[in-house]
Amino acid sequence: QVQLVESGGGLVQPGGSLRLSCAASGFNFRNYGMTWYRQAPGKQRELVATITTSGGSSYYADSVKGRFTISRVNDKNTVYLEMNRLKPEDTAVYYCHALGVNFWGQGTQVTVSS
């Protein structure tokens, strides 16, 4: 069955960095665009970043552009989100998602606070 296991979240001070990972299984990973979403308390889930099947193109929400980088290693069935210069407003549960696959993992909590 489909599995998406996010990891790498935690508590970090403003200005700090984190690297999130998402290990995928149960589908042909290299055939799917991958995305990272986040959901803050009391807010709707929002798209953070998207990467194409080959990793050759990516898209970022304006709120994270220039600070976050999405990447993938198809041989490892893994997608990453490198987050730099973190802000308190980046606090949320972060989820990875395969475009077109109706499944969500548990997410990983990112808290940015001093």
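**Aromatic pairs.** I looked up the aromatic pairs in this predicted model and counted 4. For this count, rings of Phe, Tyr and Trp (its six-membered ring) pair if their centres lie within 6.5 Å. Planes under 30 degrees apart count as stacked, over 60 as edge-to-face, and the rest as tilted.

**F27 and F29.** I checked this pair next. The ring centres are 6.4 Å apart and the planes meet at 50 degrees, so the pair is tilted. F27 has 15% relative accessibility and is buried (under 20% relative accessible area; exposed is over 50%, partly exposed in between, with a 1.4 Å probe and protein chains only). F29 is buried too, at 1%. I also noted that F27, F29 and Y32 form one aromatic cluster.

**Y37 and W104.** I found this pair to be edge-to-face, with 5.2 Å centre to centre and 80 degrees between the planes. Y37 lies in strand β4 (residues 34-39), and W104 in the loop between β9 (92-98) and β10 (108-112), so the pair ties together parts 67 residues apart in sequence. Strands here are DSSP runs (E, at least two residues), numbered from the N terminus. W104 is partly exposed, at 31% relative accessibility.

**Charges over rings.** I then looked for charges (NZ of Lys or CZ of Arg within 6 Å of the ring centre and within 35 degrees of the ring normal). The charged end of R45 sits over the ring of W104, 4.4 Å from its centre. The charged end of R19 sits over the ring of Y80, at 4.0 Å from the centre.

**Ground rules.** Residues are numbered from 1 along each chain as its sequence is written, and side-chain values use heavy atoms, without hydrogens and water. Local features need pLDDT of at least 70 and side-chain atom pairs count only at pLDDT 80 or more, while totals for chains, interfaces and linings use all residues.

Methods:
Helix = DSSP H or I, 4+ residues; strand = E, 2+ residues; numbered from the N terminus.
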